[in-house]
Amino acid sequence: MLETIKYLTGWRGPSGFGSKSTAEQVTEGCADLTSITAIITGATSGIGAEIARVLAKRGARLVLPARNLKAAEDTKARIISEYPDSHIIIMHLDLSSLNSVRNFVNLFHSFDLPLNLLINNAGKFAHEHAISEDGIEMTFATNYLGHFLLTKLLLERMIETAKKTGIQGRILNVTSGIHGWFSGDMISYLSLISTNKSHYDATRAYALSKLANVFHTSELARRLQQMEANVTVNCVHPGVVRTRLTREREGLLTDLVFFLGSKLLKTIPQAAATPCYVATHPRLLNVSSKFFRDCNEAFTSKLGCNSTEEEGLWAASELIIAKGPKAAFDLLMNPQF
């Protein structure tokens, strides 16, 4: 109850920010970002587009990967109309395709650019069951596995950039509080919904992908620490964004529901605040393996703090990427295979 009151009132936590803070507000005290190169996935609309706009305002060079290049060019045009000196590169990337991820990284490396900041923001909620070209359930493929491979392939460049510039690199995984809704064995359920439509539940599949984002953050942070790399990784829950709501009927009850809903949901600038805070604020130097909501450190679900599960998911992800899902699931579900 107390947390709900804090959220509704916009109570400012130890960071000095809260649920009502906006992306522009949380970046006002940051150093100039002209020396920063950032990759932001999912920046063609919503939270990602606002993150891109605000980082461009603060001077960062942006690389915006997108499946829909027209939408990405529109985002770029809007930002440049507001900040004409912005440096924005548009590149094609379909996160549900491992081959597309590899092609994107190869092209990015050919530009010989530094990389200080990677914001893994793109995500989808697939109401209908679908399978990626690699044979993985589409929500998991887009929200987690594509980002896992993207991060893996860009990590060396981030470590090199931090070493050359002395500027600590930051990786940010956008997850959701819904990660706590998943229960059961992750790999078993992923195998099931990647091969059998009848077992698909859209909400459970989304929760699975968001829990995977949390596990990826913790395990990657542990590995970066072992490598003594000057790169941190954290994950954030941006909040639920206020969107246009449609009414089927009018009345007092309906009015009350919409009024209460408007108080619980965030505007896009508010939802972009936590990602921008974690990505840029100097207070978070050397902070890694943490979960943030409303611009303050918070707790994941109990399942989100399980080192055995984290290591298991990492190993499974490597196996899926190396051998493909069918062979990987055979090995994972039947160890004696």
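Residues are numbered from 1 along each chain as its sequence is written, and side-chain values use heavy atoms, without hydrogens or water. In this predicted model, local features need pLDDT of at least 70, side-chain atom pairs count only at pLDDT 80 or more, and totals for chains, interfaces and linings use all residues.

**Exercise 1.** Determine whether T151 is buried or exposed, and find which residues it is in contact with.

*Solution.* 
- Step 1: T151 sits in helix 6, residues 138-165. Helices are DSSP runs of H or I with at least four residues, numbered from the N terminus.
- Step 2: Check accessibility. The relative accessibility of T151 is 1%, so T151 is buried (under 20% relative accessible area, 1.4 Å probe, protein chains only).
- Step 3: List the contacts (heavy atoms within 4.5 Å). Beyond its neighbours within four places in sequence, T151 touches L118, N120, I171, H216 and L220.
- Step 4: Look for a polar partner. The side chains of T151 and N120 make a polar contact at 3.0 Å.

**Exercise 2.** Describe how helix 7 and helix 13 pack.

*Solution.* 
- Step 1: Take the geometry. Helix 7 (residues 186-195) and helix 13 (residues 325-333) pack at about 140°, axes 11 Å apart.
- Step 2: Name the residues. Helix 7 supplies I187, S188, L190, S191 and S194; helix 13 supplies F329, L332 and M333.

Definitions and conventions:
Helices (H or I, at least four residues) and strands (E, at least two) are DSSP runs, numbered from the N terminus. Buried means under 20% relative accessible area, exposed over 50%, partly exposed in between (1.4 Å probe, protein chains only). A polar contact is a pair of N or O atoms within 3.5 Å; within protein, one must be able to donate a hydrogen and the other to accept it, and residues adjacent in sequence count only if both atoms are side-chain atoms. Axes are lines fitted to C-alpha atoms, for helices over the stretch in contact, and angles run from 0 to 180 degrees between N-to-C directions.
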